[in-house]
Amino acid sequence: MSSSALTNRAPFQGKRSSWFHALIHTTPARFAILVFTSLVAIWTALLALPISSSTSEITPLADALFTAVSAICVTGLSTVDMATHWSLFGEVVILLGIQIGGVGVLTIASMLGITVTRRMGLRQRLLIASDTNPNRTTRGASESQAVGLGDIGGLLSAVAISLLVIEAGLTLLITPRLMAEGMEFWHALWNGFYLAASAFTNTGFVPLAGGLEPYLGDYYLLTVLALGVFLGSIGFPVIFALYRYVVKGAEKRRHIGLHAKLTLATTLVFVILGWLLITSLEWNNPATLGAEPVGRTLFDAWYMSIMTRSGGLGIIDPMEMNGSTRLVIDMLMFVGGGSASTAGGIKVTTIAVLFLAAYAEARGYKDMQAFGRRIPTEVLRVAVSVLIWGATIVLISTTIIMHMTGSSLDETLFEVISAFGTCGLSTGLSEALPAQGKVVLAATMWAGRVGTVTLAAAVAATSRSRLFRFPEERPIVG
């Protein structure tokens, strides 16, 4: 290449680099919203194209928008038949969307930043760190983070490697099972990869005609899918912490941090609790688990408990369950999975911190404690904000959709919480919604995936000192 060409390219590269630097110097929360919304707009345009549908017809804008948001938010709710509506091009677009959504918007943006600027400076490290922990912006918290700034490069590698290795492993486990059903190799490989990505990213899309119904009672396939959902729901920082713990030599081995311990412990508690409650509440229901042998009853209840983490690959129609069971699943979906994971909800660590605060208050302790560590009050402040924000979104969306459709509270609340928690379990209401209702539910998915993290980052960043304090007066509470 001539020197004149290099000279002409230099200003362009400089402008591109300076533009990106200016963009990422905004707050991570604003940057996340900008990137996320841009991705949704692009995916909506792509899915609305005739080439994306199997019939070569333009997909209605409301359906294209809903599917785009559901893919980028790794939700799994759909308003069209995912097995027949989309062409190969459309399925590739959806798969790419769920991979981006699963990895994380800020992490993808940071990788883009490294590509553009050719280096990973402090700003990129802080941006990625904000994707793993909104409290990163809090003053004086750097030494006690789940993932330190010095570990960000390793975390990026862990995200990429775990995504490739886990999805490849799941694909290798699923493909032979599909071939055993008579599916041709390349078709089985594609569907196996689709299911693997859908499970690990906790999306819940199923590309198979008839969904998972032909595989009811297939302990092998359903266990593989449940394993993928569980690994995706614990979060990349936890996977990274476990990886460091396993691969380091005994003399260099690091202890598993509080975040990983709290995430794993709370996740296991909710999985077991959900398993027991679903089993007991549906034990005598002939439409669901009541007509099954004891072994399959216990397995299906365990599987459904795993899916409430945000997996969405359900095998039981929620509308055939008892209302009490749907209410339990509502609560489990609202909690969701781990922070910085492919799962949604308010996150298990949020609910864990709230319970620890209640326990500390009941015992008269000044500090929240867990696993020999003290949790600062700033974390409680963020947890309360996320809980209130999530509950407000669910209540507003439920009210609007009920008014639009006249559907029952039970049915609407289940669908809205599934959208907010990016779970994907459905009562079938999504497909029956009018165009305006689909937009409302899409906005709920958007707020559930981006809103809680954005609010947490904003709340964590607003800690400031004052030169004065107002006189104290205590209202009556409780």
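How many nonpolar, polar and charged residues does the lining of the second largest pocket have? The legends below take this pocket first.

This is a predicted model, where local features need pLDDT of at least 70, side-chain atom pairs count only at pLDDT 80 or more, and totals for chains, interfaces and linings use all residues. Residues are numbered from 1 along each chain as its sequence is written, and side-chain values use heavy atoms, with hydrogens and water left out.

**View 1. The second largest pocket.** Its lining has 15 nonpolar, 12 polar and 5 charged residues. Ala, Val, Leu, Ile, Met, Phe, Trp, Tyr, Cys and Pro count as nonpolar, Asp, Glu, Lys and Arg as charged, and the others, Gly among them, as polar. The pocket holds about 820 Å³ of space. A volume is the space filled by probe spheres set on grid points, joined across faces, edges and corners. Of the 32 lining residues, G211, G314, G424, S426 and E431 are the closest to the pocket centre. On a 1 Å grid over the protein atoms alone, a pocket is an open set of points where a 1.4 Å probe fits, with protein on both sides within 12 Å along at least five of seven lines; lining residues have an atom within 4 Å of a point.

**View 2. T427 in a loop.** T427 sits in the loop between α16 (409-420) and α17 (429-432). Helices are DSSP runs (H or I, at least four residues), numbered from the N terminus. T427 is buried, at 11% relative accessible area (buried: under 20%, 1.4 Å probe, protein chains only). Not counting residues up to four places away in sequence, T427 touches P318, M319, E411, F414 and E415 (contact: heavy atoms within 4.5 Å).

**View 3. Helices α3 and α4.** The axes of α3 (residues 61-72) and α4 (residues 88-103) come within 7 Å and cross at roughly 40°. Axes are lines fitted to C-alpha atoms over the stretch in contact, and angles run from 0 to 180 degrees between N-to-C directions. T67, A71 and I72 of α3 meet I94, G97, I98 and G101 of α4. By class, this contact has 4 nonpolar, 3 polar and no charged residues.

**View 4. S198 in helix α8.** S198 belongs to α8 (residues 185-200). S198 is buried, with 0% relative accessibility. Leaving aside neighbours within four places in sequence, S198 contacts I98, T203, G204, F205 and L313.

How values were computed
Helix = DSSP H or I, 4+ residues; strand = E, 2+ residues; numbered from the N terminus. Buried < 20%, exposed > 50% of the residue type's maximum accessible area, 1.4 Å probe, protein only.
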